[in-house]
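Work through the exercises below with the sequence and the model side by side. Each task is followed by a solution in steps.

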Amino acid sequence: MAKIIAVHSFRGGTGKSNITANLASLVALAGHRVGIIDTDIQSPGIHVIFGFNQDNLKYALNDYLWGNCKIEDAAYDVTRAAIPEPNGDRPRLFLIPSSVKTGEIARVLCDGYDVGLLNDGIQSVSRALSLDYLFIDTHPGVNEETLLSIAICDRFMLIMRPDNQDFQGTAVTVELAHRLEVQEILLIVNKVPQGMEAGMLQGQIESTYKAEVVGMLPLNAEMASLASSALFSVRYGDHPITQTLKGIARRIMT
Amino acid sequence: MIPPITVHLLDSAQGHPLQTWKFDDRDSVTMGRSPDNDIVVTDPYVSRSHAYLKFDGDQWRLISLSRQRIYFEGQVVPEVPIDGGTVCRLGPHGCYLKFDQTAAQQDDRATISFDASTMPILKLDRERMQQEVSQFVEAPYFKQLKEAIRQRREQKEQQQLEETKH
């Protein structure tokens, strides 16, 4: 059975997709078969990090949800983004993107989709690709799809920035996760400004949320400039941020 | 001339100083759970002899004596140089201490003065949070989901039980 890691943030712009892509790659590099599914159908983004655009995506998650294909048909092997010359069946990294086509996005917004079908898809793609880990890159905010991701995951990872709006909004999601009896809630604080007392911040967040802060990432110009064009942990293998990300990846695998 | 050092024990949730110690004319200060330390903290997660402060001729340094180590800015470190307002945690679950090399001039000021830097960094409106949580929790979808999880958990337990029987 694949371990499911749902990655969520209360607002957009926390670096969720970027962190998800990097963590999934690092977990794969440790010798696993890893999938990433972009359930942020309304504002997809993670495909960009792996070099996809409207023209080179045949099928997307949307096609599965409309019954046009099997979910594994929408899975792309992106191992080469993390490892130049992969061989064997491990490590492997797969991406199930959401459609970038505006018509497809509009259709979801207008018609909605069966969230139950998403659950079935997550289970069957894990089996079909023999995944060890599956990362769900969720839509920001709380909706039925987020709640489903919380309910079915083994680890719920929340990414927040150290500001009051995120602190308030994340508190709601954490409380919902506690009520859905999630096995483990892991918090990542991203874009911590220089000079902010990280230790105290961590203590305040942990004691308020009753959840573990597994990593604090600084506001970083290199990461921001690389943004969503490539994997930071691959490009800057020895960077302190990569070391922190590796620590989080190890925590996910324990 | 050794600069005086001030140590605040912080309430971890709020960052308020709970207790303050000030040391003049000393070049080392010990801290831990054991009563023979200069700073005694009654925290079960702190070691009996956890760490000590040492003036190295230039500045104060906090040095770990315990396998529980010191946590500084989220990292485990053996030693931390003290600048103005350095906050460290004694062990992964221990208390937070704030260190000030440039201490207040008057002995009694540290304990009664208002220090904005130890105020909580983030604010949470709990009442608003509870209101928003109940909006979700009372919705039919949330109830369905909870019921589905409960059933799945029961099935899993049943399966495990049957597996152990065989």
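Two residues are in contact when heavy atoms of theirs lie within 4.5 Å. The model used here is predicted.

**Exercise 1. Find which residues of α8(A) meet which residues of α2(B), and describe how the two helices pack.**

Step 1. On the α8(A) side, the residues are A:Q168, A:A171, A:V172, A:E175, A:L176 and A:R179. On the α2(B) side, they are B:R128, B:M129, B:Q130, B:E132, B:V133, B:F136 and B:V137.

Step 2. Sort these residues by class: the contact of α8(A) with α2(B) has seven nonpolar, two polar and four charged residues.

Step 3. Turn to the axes. Helix α2 of chain B covers residues 126-137, and its axis is 9 Å from that of α8(A), at an angle of about 45°.

Step 4. The handedness of the crossing of α8(A) and α2(B) is right-handed.

**Exercise 2. Describe how α8(A) and α9(A) cross, and name the residues that make the contact.**

Step 1. Helix α8 of chain A spans residues 164-179, and helix α9 of chain A spans residues 198-209. Their axes come within 10 Å and cross at roughly 40°. This angle makes α8(A) oblique to α9(A).

Step 2. The crossing in which α8(A) passes α9(A) is right-handed.

Step 3. From α8(A), the contact takes in A:D166, A:F167, A:T170, A:A171, A:V174 and A:H178. From α9(A), it takes in A:Q204, A:I205, A:T208 and A:Y209.

Step 4. By class, the residues of this contact between α8(A) and α9(A) are five nonpolar, four polar and one charged.

**Exercise 3. Decide which residues of α5(A) are buried and which are exposed.**

Step 1. In helix α5 of chain A, residues 102-111, the buried residues are A:E104, A:I105 and A:V108. They lie on the same side of α5(A), because they cover an arc of only 100° around the axis.

Step 2. Recall the geometry. An α-helix has 3.6 residues a turn, so residues three or four places apart point the same way.

Step 3. A:T102, A:G103, A:L109, A:C110 and A:D111 are exposed on the other side of α5(A).

Step 4. The buried residues pack against α3 of chain A, residues 61-65. After α5(A) comes A:G112, with a positive phi near 70°.

**Exercise 4. Locate the backbone features at A:P91, A:K191 and B:D25.**

Step 1. Begin with the background. Most residues other than glycine have a negative phi, and most peptide bonds are trans.

Step 2. From A:R90 to A:P91 the peptide bond is cis, with omega near -5°. A:P91 sits in the loop between α4 (79-82) and β4 (92-96) of chain A.

Step 3. A:K191 has a positive phi, near 60°. A:K191 is part of strand β7 of chain A, residues 184-192, and is partly exposed, with a relative accessible area of 32%.

Step 4. B:D25 also has a positive phi, near 50°. B:D25 is in the loop between β2 (17-23) and β3 (28-32) of chain B; at a relative accessible area of 68%, B:D25 is exposed.

Definitions and conventions: Residues numbered from 1 in each chain as written. Chains lettered and ligands numbered in written order. Predicted model: local features only at pLDDT ≥ 70, side-chain atom pairs only at ≥ 80, totals over all residues. Heavy atoms only, no water. Buried < 20%, exposed > 50% of the residue type's maximum accessible area, 1.4 Å probe, protein only. Helix = DSSP H or I, 4+ residues; strand = E, 2+ residues; numbered from the N terminus. Arc of directions from axis to C-beta. Axes fitted to C-alpha atoms, helices over the stretch in contact; angles between N-to-C directions. Parallel < 35°, antiparallel > 145°, perpendicular 65-115°, else oblique. Left-handed = near helix turned anticlockwise from the far one by under 90°. Nonpolar A, V, L, I, M, F, W, Y, C, P; charged D, E, K, R; others polar.
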